[in-house]
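The sequence and the structure are shown first.

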Amino acid sequence: MAVTSAPGFFVSFEGGDGVGKSTQSRLLGEWLGVVTGREVVLTREPGGTDFGREIRRLVLHGDHVDPRAEALLYAADRAHHVATVVRPALARGAVVITDRYLDSSVAYQAGGRELAEQEIEQLSLWGTHGLLPDVTILLDLDPVLAEARRTGEPDRLERAGDGFHRRTREAFLRRAAADPGRWVVIDAAGDVNDIQAQIRVDVAARLDLTPVVEEAVRVAEAGGVPEADESPEEDVP
Ligand code: TYD
């Protein structure tokens with residue numbers, strides 16, 4: 001099975017709880033749909049499928065789960081999600097944006113729960129036939145600030161304690177530093193629109209969209225509409 005996402009493009013959002021991943025992924029998806037004309041699939045883990053929603057309920061709202069059982073549940077959710085949603089969409093040429101992916105397992109189950117990092121990564125790579133995102137956007141925020149932003153009853157993972165969330169953040173930052181080709185690290189403490197603007201610049205560069213974006217900005221500033229033969233789709237690989 002192909003490891004590459006082509007002809008699609010695969011984006012993941014990562015970060016601690018309450019850093020704004022769902023808002024930022026939705027805004028990016030809406031914008032990419034407009035500027036590329038491509039199908040955009042917004043999804044998430046855990047719970048991007050019916051099967052996954054059962055797992056989500058068990059893992060986030062059930063009683064105590066042994067850390068290894070927890071790791072297997074997230075990996076099972078991911079395997080089914082990739083096989084039934086992500087790969088078919090990538091095969092159609094869609095841009096797939098997922099709110100969390102394999103790096104969440106490495107950060108939470110290895111970093112947070114202190115299981116072996118390589119084993120956790122291998123488990124998900126096995127489950128997904130090695131599929132990695134083209135770009136991973138880490139919304140980085142001090143867990144103390146993130147907790148202050150959260151509303152509603154905390155779930156099982158959100159109740160895991162300060163040390164757990166500090167180790168999770170450190171694991172994300174370590175992984176990002178080790179693979180700068182795939183990761184973009186963004187300070188999530190700022191304004192929603194500023195953060196989105198930074199994300200768009202990075203994603204546009206990686207999708208070879210920069211000329212399309214510059215043209216759209218130029219046309220918008222001139223108060224016009226792009227010519228038909230300048231349609232963004234033609235510039236997309
Ligand atoms: P999420 O729905 O993203 O929660 P939030 O919107 O609060 O960030 O994720 C649910 C929880 O599951 C979150 O605490 C992180 C955790 N998680 C793992 O521990 N391992 C994983 O592999 C994934 C995907 C999530």
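## Second largest pocket

In this predicted model, the second largest pocket has a volume of about 280 Å³. Its lining is made up of 23 residues, and those nearest the centre are Pro 143, Val 144, Asp 162, His 165 and Arg 166. Two or more lining residues come from each of strand S4, helix H6 (143-149) and helix H7 (162-178).

Helix H7 contributes the most to this lining, with six residues. By class, the lining of the second largest pocket comprises eight nonpolar, five polar and 10 charged residues.

## Largest pocket

The most is given by H4, which supplies four residues. Charged residues number 13 in the lining of the largest pocket, alongside nine polar and six nonpolar ones.

## Nonpolar cores

The largest nonpolar core consists of 25 residues. Within this core, the residues with the most contacts are Val 11, Phe 13, Leu 28, Leu 32, Ile 137, Leu 139 and Ile 199. At least two core residues are supplied by each of strands S1 (9-15), S3 (95-99), S4 (135-140) and S5 (183-187), and likewise by each of helices H1 (21-36) and H8 (192-206). Another core, of 17 residues, lies apart from it and includes Val 41, Leu 90, Tyr 101 and Val 106.

The surroundings of Ile 137 can be given in detail. With neighbours within four places in sequence left aside, Ile 137 is in contact with Val 11, Ser 12, Phe 13, Glu 14, Leu 28, Val 184, Ile 186, Ile 199 and Val 203.

## Ser 124 in helix H5

Ser 124 is located in helix H5, which spans residues 117-127. Is this residue buried or exposed? Ser 124 counts as buried because its relative accessibility is 1%, and the cut-off for burial is under 20%.

The side chain of Ser 124 is joined to that of Arg 78 by a polar contact of 2.7 Å. Leaving aside neighbours within four places in sequence, the residues in contact with Ser 124 are Ala 75, Arg 78, Leu 102 and Ser 105.

How values were computed: Residues numbered from 1 in each chain as written. Predicted model: local features only at pLDDT ≥ 70, side-chain atom pairs only at ≥ 80, totals over all residues. Heavy atoms only, no water. Core = buried A, V, L, I, M, F, W, Y, C linked by side-chain atoms within 4.5 Å. Buried < 20%, exposed > 50% of the residue type's maximum accessible area, 1.4 Å probe, protein only. Contact = heavy atoms within 4.5 Å. Nonpolar A, V, L, I, M, F, W, Y, C, P; charged D, E, K, R; others polar. 1 Å grid on protein atoms, 1.4 Å probe; cavity = no way out; pocket = protein on both sides within 12 Å on 5 of 7 lines; lining within 4 Å. Points joined across faces, edges and corners; volume = space filled by probe spheres on them. Polar contact = N/O pair within 3.5 Å; in protein donor to acceptor, adjacent residues only side chain to side chain.
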